[in-house]
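Have a look at the structure first, and then read on.

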Amino acid sequence: SSGINAEWPLRPGEIFEINDFTNSPEFEEFIYSVEQTLEVWGLSQGRCWNESGIPEFNRTENVIYNSQSFKLTHSTISRKTNAHPLLQLDFPNKTHCLNRWYGLNEFLILSPETTEDAVYFLDSSKLLLSSLACALSRTRCKIPILIQLGSVSKRFFSGVWFNDCVQTNFEMVLLKAPPPQCSTLKEIMNFYRKSIPCALSPFPVTNLSIRYTFCLNNFIGSLSDSHVYEQNPEGTCSLPFGAACDPIQDLLLATSWVKLSENL
């Protein structure tokens, strides 16, 4: 729309003035740039790239919002065939943290270009996430998209996923230590039931999938006196198992329970 500030007929020497209010807000331009990127990448109309036999790849496009520069990255992770979906990437030695935490094989990430562009405030993150949700809805993109919040080293994400008639929200909470009421699996289940509004009585049976990862990177003082090990000049040590000439810097223990009953 335009605002016209003039009286007709114009007198000699008067200037015909038009105030143009058609400029789109920055968040609409941001949504449009994301939509265009998804169209160019071929991710609209429910299409995806993560199929059997397609190798891993990453592609990035720069987008601007409110004078902040972001990187929109599309990542895919190859998966094994002829395996259970929850076991296709069991114990990956090197993979993205979102694949380990959520089991995502294909996803989009909006991350800051520099430390000055990082998002630290809740209002800004909600506005960005709602803008991305609009872009996914308009393009009918069925790939989850997440925003990297705060410092990059924290690996803190918030995201959304539209798949057919289901909307999945990805949320994280960063705690220095687990709360006292969530120290056991039973207490976590009780907290889960209280957090989800459910009108059914009794509460439906819940199945659990658990993955536990423990990393030991300080062997000196961790082994008992009965173990014999030799320390190398580089600061690493050799354990009494495995190749004798293969120095070990850290030991990763990963254990998964794919489907467990709540009545353990």
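## Aromatic pairs

Rings of Phe, Tyr and Trp (its six-membered ring) count as a pair if their centres lie within 6.5 Å; planes under 30 degrees apart are stacked, over 60 edge-to-face, and the rest tilted. The structure, a predicted model, holds three aromatic pairs. Helices (H or I, at least four residues) and strands (E, at least two) are DSSP runs, numbered from the N terminus.

Tyr102, Trp161 and Phe170 form one aromatic cluster. Buried or exposed (under 20% relative accessible area or over 50%, with partly exposed in between; 1.4 Å probe, protein chains only)? Phenylalanine 170 is buried at 6%, whereas tyrosine 102 is partly exposed at 30%.

## Nonpolar cores

A nonpolar core is a set of buried Ala, Val, Leu, Ile, Met, Phe, Trp, Tyr and Cys residues joined through side-chain atoms within 4.5 Å. The largest has 25 residues, and Phe30, Leu108, Leu110 and Leu128 have the most contacts inside it. Helix H3 gives the most to this core, with six residues. A second, separate core of ten residues includes Ile77, Leu104, Leu146 and Phe170.

## Reading the values

Residues are numbered from 1 along each chain as its sequence is written, and side-chain values use heavy atoms, leaving out hydrogens and water. In this predicted model, local features need pLDDT of at least 70 and side-chain atom pairs count only at pLDDT 80 or more, while totals for chains, interfaces and linings use all residues.
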